[in-house]
Amino acid sequence: FSINISISAVIAFNDIDGVVEASIAGSTVDAGGDVTVEAEDRARIFALLLSVSVSAGGAGGGSVNISVAVTYGENTLGGSVLATIDDSTVNTTGGEVVVDAYASNLVQAIGIAVGVSGGGAGGFSLNVALAGVGANNVTTNSVAASIAGSTVGNVDEPTAVTVRAQDLSDIFAVLVSAAVAAGGAGGFSLNVAGAGIFASNRIGGSLLASIDDSTVHSSGAVSVLASNYEDGGPDSMSITAIGVAVSVAAGGAGAVSVNIAIAGVVAFNTITNSIEASIVDSPATVTAAGDVLVAAEDRANIFATLISISIAAGGSGALSVNVAVAASYAENTIGGSLLATIDNSRVESTGGSVTVDAYAKSSILAIGVGVGVAAGGAGGASINVALSVVAATNITGNTNEASIKGGSDVDANDASSGAVT
């Protein structure tokens, strides 16, 4: 009689939580060139988890082989990024004023679990292989760029003023689970293989670009921008989730052979953001000789590919039972709020247009594959059952607002191209 049990587990918790700030606060700045206030966060987590378990043996009477392999990873990136001109006066005789808050965090998570069980016996053989992979990946950022309680260009006007908040954070997760159980016996053989994957990937937080309670004068354009994509480039906030689960159960027996293979993949992917670009509580005038643009944009993407494959096969002299079940389910959600506004402020373009724009173009691409194969034969009776199920729920639901409100006074005075949109 032989009993063999093998268990392998790998568990990891990774957490990065930081605060990044660049500021001009309570100061007076007089420059002859560009004035740049820039805060940037490029934190990275790379997690590679591998678990392999093998159990094998044999005996003249009975053989029992059990193999279990598990990986679980929890990866969290969070914090705040702030770039600000606060309670200050800034002038420049020959350059731009740029306030830029930027985040491009990345979680790369790779989890692999392999369980193998095999053996044989003259009497009975039991082989069980289980493999499971779990992952919980989260990024949460607060990204803000602002001119608050300040005066810019009251003496020497900059050639342009830009306030920009941008978050291009990504989650890239690849999870693979494989289980193989195989064996035979002279009398009774039971082989069970189960492979499962669970993934939860979430990106959330807030993006704010604002001119708040400030006076701003520019000899060129004034731009207030909040977005989660790279303007003119391919990069944008995204989740890429790939899950593959494979289970194989195979065997034979002189009398009865039972082979059961189950594979399942479940993934929840969510992106929820609050994105705001605004000029608020600035009644003392934001003035530009060029265009004034207040824009909030959401172009987040989710790409999910889930594959489950199960194979059960065997034969016997009397009775053969083979059951294969494969299932994949994905729930993908993109939501949040999008706001571009001029509120309780006076804004004037003397030589261009004033544009307030809230734009969403999010996308979800979900691919699900389920394959179940059951095959076998017997001298007496053979039962083969294969089931495969694929399901997905995809939701996009932003609230969008582009507004001029709160008694704001907005003028575009150029006779040829001036417009308020």
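This is a predicted model: local features need pLDDT of at least 70, side-chain atom pairs count only at pLDDT 80 or more; totals for chains, interfaces and linings use all residues.

Colleague: How many aromatic pairs does the rule give?
Modeller: The count comes to 4 aromatic pairs, where a pair requires ring centres within 6.5 Å.

Colleague: What makes Phe1 and Phe124 a pair, and why is the pair called tilted?
Modeller: Their ring centres are 5.8 Å apart, and their planes meet at 50°. Planes under 30 degrees apart would count as stacked and over 60 as edge-to-face, so the pair is tilted. Phe1 belongs to the segment before β1 and Phe124 to strand β9, so the contact ties together parts 123 residues apart in sequence.

Colleague: Why is Phe1 called exposed, and Phe124 partly exposed?
Modeller: Exposed means over 50% relative accessible area; Phe1 has 64% and therefore counts as exposed. Phe124, at 33%, counts as partly exposed, because that term covers values between 20% and 50%.

Colleague: Why is the pair of Phe268 and Tyr329 called edge-to-face?
Modeller: The planes of Phe268 and Tyr329 stand at 65°, with the centres 6.2 Å apart. Angles over 60 degrees count as edge-to-face, so this pair receives that name. Phe268 lies in strand β17 and Tyr329 in strand β20, so parts 61 residues apart in sequence are tied together. Ring pairs also link Phe198 with Phe268 and Tyr329 into a cluster.

Colleague: How do you know that Arg299 lies over the face of Tyr229?
Modeller: Arg299 is 4.2 Å from the ring centre of Tyr229, and the distance limit is 6 Å.

How values were computed
Residues are numbered from 1 along each chain as its sequence is written. Side-chain values use heavy atoms; hydrogens and water are left out. Rings of Phe, Tyr and Trp (its six-membered ring) pair if their centres lie within 6.5 Å; planes under 30 degrees apart count as stacked, over 60 as edge-to-face and the rest as tilted. Helices (H or I, at least four residues) and strands (E, at least two) are DSSP runs, numbered from the N terminus. Buried means under 20% relative accessible area, exposed over 50%, partly exposed in between (1.4 Å probe, protein chains only). A charge sits over a ring if NZ of Lys or CZ of Arg is within 6 Å of the ring centre and within 35 degrees of the ring normal.
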